[in-house]
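Here is a short walk through one protein chain, written for someone who likes to have the structure open while reading. Take a look at it first, and then read on.

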Amino acid sequence: MLLDKQHNETEFQYHKRLVYGKLIDKSLSEYDYTTLSKYLYGKGYAPDVARRMFYGSCRTLKLVDESTLKNVSNEDVINEVDAKLHELKKETQKCSDQRRELNKLLSAEGRFEHLCDCLIESANNLNKTVPLKSNPVQMCKSNKEAVLFFSDWHYGMTTDNFVNFYNKDICQKRVSWVVNRAMEKIRLNGCQTLHIVVLGDLVHGAIHTSARVASEELVCDQLMQVSEILAQAILKLSECVIDTKVYITYGNHARVVPDKKDNIHRDNFERLVPWWIEQRLKINSNIKVIPDDGNEFVTVCAGKYGIVATHGDLDNMTTAEHTISPLFKEFFKNAYDVDLKAVVMGDKHHYETRGGFGVRPFICGSLCGTDDYANSKRLYSDASQLLLILDSDFGIDGEYVIEC
């Protein structure tokens, strides 16, 4: 009730609120003196008596206020005002920072949604003139499934060094070579299902000065063209199996903001690739593009086994064995009741694996091969991609490093 003492009020503040409410600010004017005296003085006095008591209390309270003001020095007032201003500035800065971060997120999400809409429209227009229709061939049945990893194509990069020559034309030729070789191995093993995992860095981007110098095209042009190359590669691969599943994560070369300290990791142009692939291949019921959830990890269930894959710019063999493996072992067991068999990443531009206790870590090679940076550091490796064959009884039954 308004006349009751509030939990945050002292006795003096309560007394002052009732007296001033009746006589000064009139907030309690609707209450008579007798009623108020019960709360203020503990007894319901006659109206005339109560009124005189209220005026007496009011006079006393005013004297107390005047005495308090006289005893407060100008310096005390200034210090208190400065302290309040300091707190106000801090709160204002907090609000400003929060508003800026929110605007940054909203801007990034709005830009991404707009680009998705534009890609869908372009893909649908292209479907009218150049439709991509799969013609799968019935193969002999087996209990094996294939998992093909595409990593680090760096489409748009140009390099010409002692061990490697690479440009956008060479990129397309190497993709064609990998597709043909993979189809041979998939048919050889009689696989009915193919999982295609794209590990990111399909484009070279423009995140470093060296990348901008070595790039043949703008980032958006790179992205559009390589997405179509990928769509056609998936279409051809789908013709040697019954079912094809496509999983796509993103790398670090297509990040929106060049400075990685200022960039949000998932704010990446490569997240547009699944939208293009899905629209271009949507007429094929045997091809399923797994929806992009913005998570850099891809999880694949091949028969009774699981594989987790990521680009690898934030990971290495050590994190794969000691962080990723334990985490996703629990995930696969709880979500799908299957055993995690492999952790696969790209980014490092060379093939590597080692024995693991139940879980094998792999690094998939790059399609682009040795670039100018690697050449300057004397870091040489063959251009390659990775194909794994999983048997429902034996786990990893085949491991092919397709060099090109």
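## The chain as a whole

Please keep in mind that this is a predicted model. The chain has 404 residues, and 45% of them are buried. Its secondary structure consists of ten helices and 13 strands.

How much of the contact pattern joins residues at least 24 apart? Counting contacts between residues at least 6 apart in sequence, the share is 69%.

## Helix α5

Helix α5 covers residues 168–188. Several of its residues are buried, among them Ile170, Val175, Val178, Val179 and Ile186. The buried set also includes Arg174 and Lys185, along with Cys171, Ala182 and Met183.

At the start of α5, a side-chain oxygen of Asn167 comes to within 3.0 Å of the backbone nitrogen of Asp169. After the helix comes Gly190, which has a positive phi near 65°.

## Salt bridges around Arg354

The structure contains ten salt bridges. In one of them, Glu321 pairs with Arg354, with 3.1 Å between the closest N and O atoms. Glu321 belongs to helix α9 (residues 317–335), while Arg354 sits in the loop between β10 (352–353) and β11 (360–363), so this pair ties together parts that are 33 residues apart in sequence. Glu321 is partly exposed at 26% relative accessible area, and Arg354 is partly exposed too, at 34%.

Arg354 also forms a salt bridge with Glu352, where the closest N and O atoms are 3.9 Å apart. Glu352 is partly exposed, with 27% relative accessibility. Through shared partners, Glu321, Glu352 and Arg354 are joined into one network.

Another salt bridge links the side chains of Asp337 and Lys333, at 4.0 Å from N to O. Here Asp337 is exposed, at 58% relative accessibility, whereas Lys333 is partly exposed, at 36%.

Is Thr159 buried or exposed? With a relative accessible area of 3%, where buried means under 20%, Thr159 is buried. This residue lies in strand β2.

One is with Asn161, at 3.2 Å, and another is with Asp372, at 2.6 Å. Leaving aside residues up to four places away in sequence, Thr159 touches Asn164, Phe165, Tyr166, Thr370, Asp371 and Asp372.

## Loop residues and a surface patch

His154 has a positive phi of about 50°, although it is not a glycine. His154 is located in the loop between β1 (144–150) and β2. At 2% relative accessibility, His154 is buried.

Lys26, another residue that is not a glycine, has a positive phi near 65°. Lys26 is placed in the loop between α1 (11–23) and α2 (33–41). With a relative accessibility of 48%, Lys26 counts as partly exposed.

Which residues make the nonpolar surface patch of about 370 Å²? The patch is built from Phe162, Val163 and Tyr380. Phe162 is in the loop between β2 (159–160) and β3 (165–166). Its relative accessible area is 78%, and exposed means over 50%, so Phe162 counts as exposed.

Methods: Residues are numbered from 1 along each chain as its sequence is written. This is a predicted model: local features need pLDDT of at least 70, side-chain atom pairs count only at pLDDT 80 or more; totals for chains, interfaces and linings use all residues. Side-chain values use heavy atoms; hydrogens and water are left out. Patches are made of residues with over 30% relative accessible area and no salt bridge: like charges are joined within 9 Å, nonpolar side chains (Val, Leu, Ile, Met, Phe, Trp, Tyr) within 5 Å. Accessible areas come from the Shrake-Rupley method with a 1.4 Å probe; for residues, only the protein chains shown count as cover. Helices (H or I, at least four residues) and strands (E, at least two) are DSSP runs, numbered from the N terminus. Buried means under 20% relative accessible area, exposed over 50%, partly exposed in between (1.4 Å probe, protein chains only). Contact means heavy atoms within 4.5 Å. The expected span of a helix is 1.5 Å times one less than its number of residues. A polar contact is a pair of N or O atoms within 3.5 Å; within protein, one must be able to donate a hydrogen and the other to accept it, and residues adjacent in sequence count only if both atoms are side-chain atoms.
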